[in-house]
Amino acid sequence: MTDNRRLASPAVPLLLGAVLLGAACSPAASNAPSAAQTDLPAASAGALPSATTRPTATARATAPPDVAIRTVLGGLVAPIGLVAIPGDDAHVLVFEQNGLITRLAPADGTATPFLDLRERVVPLRADYDERGLLGLAFHPDFAANGRLFVYYGAPTRKAAVAAQDHSNTLSEFHLDPSDPTRADPASERVILQFEQPQFNHSGGGLGFGPDGMLYLGTGDGGGQGDASEGHSAQGNAQDLAKLNGKVLRLDVDGATPYAIPADNPPLGKGARPEIYAYGLRNPWRLAWEPSGERRLIVSDVGYGRFEELDIVVSGGNYGWRIREGAHCLDVDAPLADLASCATTGADGKPLIDPVVEYTHRSVGVAVVGGYVYEGSSVPAIRGRYVFADFSADPNNDLSLPRGSLLAADPGASDTAWTWGRLAVAGGPLNRYVTGMGQDGAGELYVLTRTTLGPTGTTGEVLELVAPGS
Ligand SMILES: [Ca+2]
């Protein structure tokens, strides 16, 4: 069954029973939810399904709170990211899925318009959508050159072609020389565009690495199982001729609009040279460790059962759609436990398992990558990688917001990290969590809303603070 057919079915409350960042395509959330859930083996329905998953014992609803939240800004539509402005520790940019970018002083909540891309972003569906403005990153020399980059879904350039939903667009803007508190909306320069067959799984992780290169996480193109119309026979994520389902690495200083870094991995004849890593489904967020090895941590949203964090290295194959998390996957029977599957991709290279994975039954349906905490206001989480999940969907019901905060302990090993829930003062968040943010001092923020779709005015910027503060 194609995603389009499923989307067209009036009998399936897909947009409330399904969802974000690809969890919408879960077969458990569409065709036979009850059977799918009850068919899950006990080992998979619990919290500890695999050797790569070692939750800590810190996380029970009754535990003392690890963190508290402070509302910094409300009344937004769909905030999904917050990034520190280089050279200006007093301000951050908050970006929303609908294309609005706001300059915010977290200390007092002062917010002013920075850039409005609403007319350039593909029109969003109010009930549920994964398109829109998905990523924002400052050039490493932003304080001197005023350059910043955004990744968004624009109306497709190929309207006459079947299975083209929108054009994934990476663009550069620069500050307005007459008002450096804003970007110049006329300064857009498109760096890269590529087509996306479906409305979901556009990725969105965007950032400059310690090496000065620009990294972009791209989704597999959407639909279900990386096997819908417009997807390659082996899936887009395993097709090195496509940009979908990858982490790309570009040198935006070496040429116009970009150069291929000389040390991008050699991936063979026909491979797109922008590809840094592949076999990803929907790499929604990415960030580097702030010190030490500076490993690249990518959150890859799963299909029907498993959410994952990956340490992404040059030339790595992260398994999708041969595997989901550390588990074999049959896209035609995605809830089945396969005894075995390929351990390498078509190129013979090994598939790399996640450092953290969790089940939909144990936590939630879509992992939201965060940051290693290096701030000072919450000593209890210092050094931990703080991340989130969009929402739990007990009984395939996503109509209530049930986002979670999580934290992992980056270890020396790239094979298994301990992790657990963060207990929030006052109880559950009761919000959908759509993104994490980090200011110039390393303090962390959570971007939320209480509507499933990108509509309304329930969007909030929450700061993580110490309990009792
Ligand atoms: Ca994977």
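Guide: Start at methionine 436. Leaving aside neighbours within four places in sequence, Met436 is in contact with Val368, Gly369, Gly370, Tyr371, Val386, Phe387, Ala388, Leu444, Tyr445, Val446 and Leu447. This is a predicted model.

Now place those partners. Val368, Gly369, Gly370 and Tyr371 are among its contacts, and strand β22 covers residues 367-372. Six of the six residues of β22 are buried. Val386, Phe387 and Ala388 are contacts as well, and strand β23 spans residues 385-389.

β22 and β23 are themselves paired. They run antiparallel and share four bridges. Tyrosine 371 has valine 386 as its bridge partner in β23. Both Tyr371 and Val386 are on the contact list of Met436.

Step back to the core. The largest nonpolar core holds 109 residues. Val386, Met436 and Val446 have the most contacts inside it. In soluble globular proteins, nonpolar side chains tend to be buried together.

Most residues other than glycine have a negative phi, and most peptide bonds are trans. Asn430 is partly exposed, because 13 other C-beta atoms lie within 10 Å.

Asp226 lies in the loop between β13 (214-217) and β14. Here the setting is buried, because Asp226 has 30 C-beta neighbours inside 10 Å.

Two cis peptide bonds deserve a look too. One runs from threonine 256 to proline 257, with omega near 0°. Pro257 lies in the loop between β14 (246-250) and β15 (275-278). The other runs from tryptophan 320 to arginine 321, with omega near 5°. Arg321 belongs to the loop between β18 (306-312) and β19 (323-324).

β16 and β17 (residues 296-300) run antiparallel and are joined by five bridges. Arginine 285 stands opposite serine 299 in β17.

Finally, the whole chain. The protein has five helices and 28 strands. Of its 469 residues, 53% count as buried. Among contacts with a separation of 6 or more, 62% link residues 24 or more positions apart. Confidence averages a pLDDT of 88, and 86% of the residues score at least 70. Residues 1-61 need care: pLDDT stays under 50 there. The model has 118 contacts beyond four places in sequence for that stretch.

Conventions: Residues numbered from 1 in each chain as written. Predicted model: local features only at pLDDT ≥ 70, side-chain atom pairs only at ≥ 80, totals over all residues. Helix = DSSP H or I, 4+ residues; strand = E, 2+ residues; numbered from the N terminus. Buried ≥ 20, exposed ≤ 12 C-beta atoms within 10 Å, placed from the backbone. Contact = placed C-beta atoms within 7 Å. Core = buried A, V, L, I, M, F, W, Y, C linked by C-beta atoms within 7 Å. pLDDT = per-residue confidence, 0-100. Pairing = 2+ DSSP bridges.
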